Amino acid sequence: MGLAVFYILAAVILVSALFVVTLRNIFHSALMLIVCFFGVAGLYASLNADFLAAVQVLIYVGAVTILIIFAVMVTHQLSGKKIRQYNDQPVPAGLIIISLFLLFVVSLSKTGFEVVKSISSSPTVEGIGKALMTSYVLPFEVVSIVLLVALIGAIVIARKD
Amino acid sequence: MFELGGIFEAIGKWLNGFLPPVWVTIISAVITGLAVLGFLSLLALFLVWWERKISAHMQQRYGPMRTGWHGVLQTIADGVKLLQKEDLMPKDADRIVYFWAPIICFGAAFMAYLVVPFGKGIIVQDLNIGILYIIAITTFTVVSLLMAGWASNNKWALLGGMRSAAQIISYEVPLSLAIVGAVMLAQTLSMNGIVSAQAGGFWHWYVFREPLGFLVYYIAATAEANRTPFDIPEAEQELVAGFNIEYSGMKFAMFFLAEFVNMFTVSAIAVTLFFGGWQPLFSFLGFIPSWVWFMGKSLVSVFVLMWFRWTYPRIRVDQLMNFAWKFLLPLAFLNIILVGFGIVVFK
Amino acid sequence: MPTVDHYLVLSGLLFCIGAFGLLTRRNAIGVLMSIELMFNSANINFISFSKFLTPQALTGQAFAVFVITIAAAEAAVGLAIVVLMYRNFDVVDVDYIDFMRW
């Protein structure tokens, strides 16, 4: 049962990710990206990470992909069908990627993980909140500053003078 | 006596008597799905009629009067008319995207009802991230509007889609931050948990603990539901009809129904977070079934939304953005700080 | 039940797909989308480690929150640059933006 769910989600994620990088129409790529993010959210839900599943949908689908679609719409004369979407190096890129994946598989097979018997699913919201406010309070503050800087930076860059 | 929660439990028990558990799960999922779908369709039919009557009476007219008693069957007649219409598609439309946009729009509106507590024990699935789930799943509405705007291959549709996406995203920020206040008070994200935390009379409702949060939520929710004074996306007089200009027949009906369902969704969330959900006004009024309280409060909230529409003029698109970012957002932050202080001081 | 290796292979594949898009796309928006895919594969790793190796501590889930935040910041700045590029040079082609090269 769990394995079947995993394979379905994995198929959704990988097929939509392939569409994201290969479709000619960039708007369709963005829509496929949404499908991929939704599949990943489903994967999180199956990994006892319900809070992160919701955050994934909220941030990625609700904010990042919408921003991307906006950028596509603003620049859409250029992403029409006549314009080339790829450079001339798909073959070298493919070779590099395949060797990268082989490297992953080799290193994965050589690593033994100490898998802990996982306990039944419990609400994670409280645990994440406590972790963010105690052990990881410094990264938490740093990341909020990064977010603020990015926000101001984006406004400054995109502003019409 | 008239609590519906018991009926669902009884059906579950009856099915468990002679069926394996997997089948019970599947059958109950199908039954609840169909029940919610049927409820929402009836509700949308009713709300469309109600809005027409309210608008008419506010303008000293009668509104629909011919079909049925005071025109109650008017929406059904309209629906039949829409079903019979030819399903047009623009010549250069992006066919697949054009087809899926209304389905995703309605699906997103429908999926939110997974966690809405209609009454004591009447909730499809009480997820422990309940309210976060609603915020997350309703973002698909924005995606569907952008899809519709893009796929129609029409500049009015594209403009309407982009405007509505910008508006909904902008107002989602103060909306989510206003919800944080209620979550802080209840110390849970689960919808049932938030309702239970407000038990024991109307002075325990969160609208009295954080009126500022309610104000921010309600204004932002009006914008989320694309209602006047924030109905820029549809702005009949400027954009013809916005993102749905090229849609006709059944697909248009789905957008239209989704709009009214969304209006009820934001009202139901407002009632759950700030008005005690299905909790009675006083505890001695508990003999009235909980779902009556919930529906009553929600319909009052829907009425107020309709009242807004026929009272205020539409605001300009630049004023809209300024209002969200420069006024509502600081107020939402102020509300969080005040609630935090309140929790520390009064506990 | 799927083991930790299942999730790691999946995230490796997702990372490779994202990297392939990053190397072959010319459209800057397409490049950004590929980067988002790679962020997601990292997050899958974090969360599967969190479940299988440290189920009590939630370390991986807390870090996934940081990754999501950084990804959002990256998308905002990246798309601002794309819009600026479009406004000033009328292109969104990363091969074209090479005049800072010596």
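## Where chain C meets chain A

In this predicted model, 60 residues of chain C are in contact with 71 residues of chain A (contact means C-beta atoms, placed from the backbone, within 7 Å). On the chain C side, helix 1 (4–24), helix 2 (28–52) and helix 3 (59–89) each give two or more residues. Helices here are DSSP runs of H or I with at least four residues, strands are E runs of at least two, and both are numbered from the N terminus.

By type, the touching side of chain C splits into 43 nonpolar, eleven polar and six charged residues.

## How chain C is put together

Chain C has three helices and zero strands, so reading from the N terminus you get α-α-α. Its C-alpha atoms fill a box of roughly 50 × 25 × 25 Å along the principal axes.

The radius of gyration of chain C is 17 Å, whereas a compact globule of 102 residues would come in near 13 Å (C-alpha atoms only; the rule is 2.2 Å times the number of residues to the power 0.38).

## Packing inside chain C

Of the 102 residues in chain C, 55% are buried, meaning 20 or more other C-beta atoms, placed from the backbone, lie within 10 Å of a residue's own. Among chain C contacts with a separation of 6 or more, 50% link residues 24 or more positions apart.

## Reading the numbers

Residues are numbered from 1 along each chain as its sequence is written, with chains lettered from A and ligands numbered from 1 in the order written. Local features need pLDDT of at least 70 and side-chain atom pairs count only at pLDDT 80 or more, while totals for chains, interfaces and linings use all residues.

Notes:
A residue is buried if 20 or more other C-beta atoms lie within 10 Å of its own, exposed if 12 or fewer, and partly exposed in between; C-beta atoms are placed from the backbone. Two residues are in contact if their C-beta atoms, placed from the backbone, lie within 7 Å. Ala, Val, Leu, Ile, Met, Phe, Trp, Tyr, Cys and Pro count as nonpolar, Asp, Glu, Lys and Arg as charged, and the others, Gly among them, as polar.
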